[in-house]
Amino acid sequence: MPFELNAKIRNLSPYEPGQAKARIRLDANESFLSLPDDVMADIRACVDALHFNRYPDPSAADLCRAAAAWYGVPADCVTAGNGSDELTSILFSAFLQKGDRVLCFEPDFSMYAFYGYLAESVCIRAKKRPDYTIDIQAAIETARAEKASMVIFSNPCNPTSVGMSEQEVLEIVRSVDALVVVDEAYMDFYGRSILPRLAEFENLVVLRTMSKAMGLAAARIGFAFASPSVTRALKSAKSPYNVNALSQAIGAAVFRKPEAITHSVNLIKSSRDMLWQEFGRLARAFPDQLRPVAADANFVYTETAQCEKLFGHLLGSGILVRRFGDCLRVTAGRNLENVELIAAVESFCSSSSGGGDILCEAPK
Ligand SMILES: *Cc1c(COP(=O)(O)O)cnc(C)c1O
């Protein structure tokens, strides 16, 4: 029989990240570090001990206990997901009803609008200021005026790498009559988590992931932290075996090596700081070409005068970054990768500066 896709899904296409062939990949905000040898040994032992014929623990209790201890929250406030991405998807599909309004911001993580669309909710997109910060009072007024059921944003923001203070986040959480989802995927690199205040708010959900700072992007492990009642609802809405047994064991093994996590975070932060300093140097040398925005996460976001050309020049040098309109997002990499990236940006700027066809516009 012929089959017709419904209008909602007809024009979607599968998620396809950039060309995986690039020699140097600074496009996906993953950790550039591989896991330490002792963690790898623990993971091998987990594989040997695993009963592959049995379903995993649906509550991922060991993993959630380890996460609760690491993040300093009670264990009945933790839900594990197949990446935090899955938890975002469940928050949209289960906590919203058709037509409910969601306040998101522009620019921010594009998946929010995508899941909002699938959930048949209405995304209200509030524009950020020219410096990419959120106007907190305006956001609160919009959430109230639009009767938003959910407010969602990333902190620090992907793609802008701009972080918000605890006070700004708290102001939103305590002022709106909505579920506030704070996606802290990059908080390990910024250190202003709202998690210590979790117990005070019934309407707060905080998302974290092991994909960025902890070097486990391949294992797909994320967490939602919320009040016990919201946590219970989230666990009731998820699919039963959403985190596979191998990932549960791997995540728990990584949490058993806290010094290794801290060490990785420090290495990534110093790579990020190096990249930020070098972008600053280039921006001073070529002010008509680059205007770096922020580096509160493990990546630098920069406005550029000739984004498409610069992106192409980098790709021609074997370096893949992410492009967002006139801006580039560059993930902190290994030292030699950063050095090559900076050299390629510099060679582009020195050959284009002055003769550049577009002068850098003032931020919109
Ligand atoms: C990378 C990223 C995530 C995804 O994390 P997973 O746990 O790998 O699904 C979530 N939110 C933002 C803003 C991200 O950049």
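Good morning. I begin with Pro159, which sits in the loop between strand 5 and helix 7; helices (H or I, at least four residues) and strands (E, at least two) are DSSP runs, numbered from the N terminus. The peptide bond that leads from Asn158 into Pro159 is cis, with omega near 20°. Pro156 is placed in the loop between strand 5 (150-154) and helix 7 (166-175) as well, and a cis peptide bond with omega of about -10° joins Asn155 to Pro156.

A word on the source. This is a predicted model, in which local features need pLDDT of at least 70 and side-chain atom pairs count only at pLDDT 80 or more, while totals for chains, interfaces and linings use all residues. Residues are numbered from 1 along each chain as its sequence is written, and side-chain values use heavy atoms, with hydrogens and water left out.

One further backbone feature deserves mention. Asn29, although not a glycine, has a positive phi of about 60°. Asn29 belongs to the loop between strand 1 (24-25) and helix 2 (37-49). In general, most residues other than glycine have a negative phi, and most peptide bonds are trans.

I turn to the domains. The domain assignment, automatic or from a database, gives domain 1 (24-30 + 260-352) and domain 2 (38-256). Their centres, taken over C-alpha atoms, are 27 Å apart.

How many residues of domain 1 are in contact with domain 2? There are 22, and they meet 21 residues of domain 2, contact meaning heavy atoms within 4.5 Å. The area buried between the two domains is about 1700 Å², with 64% of it from carbon and sulfur atoms; buried area is the accessible area (1.4 Å probe) that two parts lose on being put together, summed over both. In domain 1, Ile261, Asp296 and Tyr301 lose the most area to domain 2, together 34% of what that side buries.

Across this interface the rule finds zero salt bridges, a salt bridge being a side-chain nitrogen of Lys or Arg within 4 Å of a carboxyl oxygen of Asp or Glu.

Finally, the ligand. It is surrounded by 14 residues, the closest being Asp183, Tyr186, Thr209, Ser211 and Lys212; here a residue counts if one of its heavy atoms lies within 4 Å. A nitrogen atom of the ligand is 2.6 Å from an N or O atom in the side chain of Asp183. An oxygen atom of the ligand lies 2.5 Å from an N or O atom in the side chain of Tyr186.

Terms used:
Polar contact = N/O pair within 3.5 Å; in protein donor to acceptor, adjacent residues only side chain to side chain.
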